[in-house]
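Me: I would like to go through the terms used for this fold one at a time, and to see what each of them rests on.

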Amino acid sequence: MRLKHLASCAMLIAFAAPALRAEYVVLRNGQRLAVTGYQILGDKYHLQMKGGTADVLAEQVLAIEPEEVFTPVPVVEVSKEPFGDLIHAAAKRYSVDADLITSVIAAESNFDPRAISRRNARGLMQLLPSTASHFGVKNIFDPQENIEAGTHYLSDLLALYKNDLALTLAAYNAGPERVQRYGQRVPPYAETILYVRRVKNTYNQRKSGQPPATRKANATPRTAGTGGPEQPTATSTQF
């Protein structure tokens, strides 16, 4: 698709997915495109935008930058969202709150099981091939395998950081070694800081949208009924 037709063509292509992830695709000609998601398909970026989609040659993309303001989305019960049954099964198996898993998937892939990031993270929970291999994944794009492995990884991180949600999400995004490098704190990377905020905002929104009794039972990111709401620790960066 020719670049000069990008904006007009994008508006003509129907696109129904909700806007959860907001980023800017910066083109070499200086144009900045606000996108809600993207995939790398061969030598092109397939962009998801409000009102449509568009393809751009990879050589025309200079950078992809996070957008600091994310539009809140309506809270939808896990059971009514895509892959709800798989999310609930993984939540039960690994004692991780289903709303947290859903919030991570929303931020990572916008529920696109074929999503591929520029760092080669793949699938619903954006697993790196090495991480997927570690957890025994055979097909990284299979929703069940991807959710199982991603939830297992979240469970391990929650245990490692004693249920500190900010550190857990920072490690999921940037890697545990970077959290350790910065003294068990959220690394000072703009992408990681925005990621932690985005997932926590979505997670808190989901919890606040539930009836009071349900909120009390599922207040922590791990198994329901484990106590009161998440408490900040001395080592965590507050968001």
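**Terms and what they rest on**

Reply: Strands β3 and β4 pair in the antiparallel sense over 5 bridges, where strands are DSSP runs of E of at least two residues and helices are runs of H or I of at least four, numbered from the N terminus. This is a predicted model, in which local features need pLDDT of at least 70 and side-chain atom pairs count only at pLDDT 80 or more, while totals for chains, interfaces and linings use all residues. Residues are numbered from 1 along each chain as its sequence is written, and side-chain values use heavy atoms, with hydrogens and water left out.

Me: What makes β3 and β4 a pair?

Reply: Two strands pair if DSSP finds at least two bridges between them, and β3 and β4 have 5 bridges, so they pair. Within this pairing, Tyr-38 has Leu-47 in β4 as its bridge partner, and in the hairpin, which has 2 residues between the strands, Gly-42 takes a positive phi near 65 degrees.

Me: Which strands stand at the edges of the sheet, and why?

Reply: The open sheet of 3 strands has the order β3-β4-β5, with antiparallel pairing. β3 (37–41) and β5 (52–57) each have a single partner strand, so one side of each is left without a neighbour in the sheet. β4 (residues 44–49) also pairs with β5, in the antiparallel sense over 6 bridges; Tyr-45 stands opposite Val-56 in β5, and the bridge partner of His-46 in β5 is Asp-55.

Me: Why is β4 called largely enclosed?

Reply: A residue is buried under 20% relative accessible area, exposed over 50% and partly exposed in between (1.4 Å probe, protein chains only). In β4, 5 of the 6 residues are buried, so the strand is largely enclosed by the rest of the structure. Of the 239 residues of the chain, 46% count as buried.

Me: Why is α5 called oblique to α6?

Reply: Helix α5 (residues 143–160) and helix α6 (residues 165–174) pack at an angle of about 130 degrees, with their axes 9 Å apart; axes are lines fitted to C-alpha atoms, for helices over the stretch in contact, and angles run from 0 to 180 degrees between N-to-C directions. Angles under 35 degrees count as roughly parallel, over 145 as roughly antiparallel, 65 to 115 as roughly perpendicular and the rest as oblique, which makes α5 oblique to α6.

Me: Which residues of α5 meet α6?

Reply: With contact meaning heavy atoms within 4.5 Å, Gly-150, Tyr-153, Leu-154, Leu-157 and Leu-158 in α5 meet Thr-168, Ala-171 and Tyr-172 in α6.
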